[in-house]
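Let's explore a protein model together, one question at a time. Take a look at it first.

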Amino acid sequence: MNWKSKISGALVATLALGSLAFTPVIAKTDSTKVVAGPQTVTSQSTIDAYYQPAAGKTGAALKASLHDIIDNHTEVSYDTVWTALKETDQDPGNVNNVIELYTGKSISKNSNGGNVGQWNREHVWAKSHGDFGTSMGPGTDLHHLRPSDVVVNSARGNLDFDNGGTKYSGCDCNRDGDSWEPPTRVKGDIARMIFYMAVRYEGGGEIDLETSENVNNGSNPLHGKLSTLKAWNKLDPVDAFEKKRNDIIFEKWQKNRNPFIDHPEYATAIWGN
């Protein structure tokens, strides 16, 4: 099922503790299945205030300012990631399920583990790119961890992201020896997660992660391909699922946000067109 949907209908909002509480919104997917839209989102005034220190900045100055804003987040353990993903990636149409990143399939929250037919924790920024493993911090950062089919996750491995390759039968993906192309419906999501990691982790006692125009980066703390990721950011705009996920991580788990979900244009302001 294509879980991305265009939200329609009237939103009834009431102001409560800096957030807006919404009545259920009914949306139709491409298959016309009716699902419930987001129930709560962080208020726009809160989001605006969050990014105020970055106002008017571009390039390296903007990157540094955003790092200062999202730095020092509340870290969670790798075990806690299981619990958090069951909330952040909940299927809007079935509260008992999560949505897998690459397949788009809805699967029981309890079908998590390491066996075929289960879902596990995908590090979108491959944890070998910088060799940070599952350590608290980059290894457990929810902004780049997503539920993924066990077999598909293994097929992606630590490949960089780029267009092209051979069709992979496990999802609407392509793969070659040095890159992985995900389905179009999540290309923007992936780009914005990579951008987040490159801004959040800037050295100074932590690992320094950077985007790269190269693929096949191995254990270097680099992830590419930057030009492709910038194109994906524009090709696949932010949707309601991403926004709600960002809000949940901010309000309940890490107390920081992915700036590129709130402001996709920051990618161009930092790295150019």
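**A buried cysteine and its surroundings**

C171 has 9% relative accessibility, so C171 counts as buried (under 20% relative accessible area, while exposed is over 50% and partly exposed lies in between, with a 1.4 Å probe and protein chains only). This is a predicted model, where local features need pLDDT of at least 70, side-chain atom pairs count only at pLDDT 80 or more, and totals for chains, interfaces and linings use all residues. Residues are numbered from 1 along each chain as its sequence is written, and side-chain values use heavy atoms, leaving out hydrogens and water.

Q: Which residue forms a disulfide with C171?
A: A disulfide is a pair of cysteine sulfur atoms within 2.5 Å. The sulfur atom of C171 has a partner 2.0 Å away, and that partner belongs to C173.

Q: Is C173 buried or exposed?
A: The relative accessibility of C173 is 0%. C173 therefore counts as buried.

Q: Is the disulfide of C171 and C173 left-handed or right-handed?
A: Look at the torsion about the S-S bond, which is about -120° for C171 and C173. That value is why the disulfide is left-handed.

Q: At what angle do helix 5 and helix 6 pack?
A: Helices (H or I, at least four residues) and strands (E, at least two) are DSSP runs, numbered from the N terminus. Axes are lines fitted to C-alpha atoms, for helices over the stretch in contact, and angles run from 0 to 180 degrees between N-to-C directions. Helix 5 (residues 187–200) and helix 6 (residues 226–235) have axes 7 Å apart, and they pack at an angle of about 125°.

Q: Which residues of helix 6 are buried?
A: Helix 6 packs through its buried residues against several elements, including helix 5 and helix 9 (266–271). Those buried residues are L226, T228, L229, K230, W232 and N233.

Q: Which residues of helix 7 meet helix 3?
A: Contact means heavy atoms within 4.5 Å. Helix 3 (residues 78–88) and helix 7 (residues 240–253) have axes 10 Å apart. From helix 3 come T80, T83, A84, L85, E87 and T88, and they meet helix 7 at F241, R245, I248, I249, K252 and W253.

Q: How many charged residues does the contact of helix 3 with helix 7 have?
A: Ala, Val, Leu, Ile, Met, Phe, Trp, Tyr, Cys and Pro count as nonpolar, Asp, Glu, Lys and Arg as charged, and the others, Gly among them, as polar. In the contact of helix 3 with helix 7, six residues are nonpolar and three are polar, and the number of charged residues is three.
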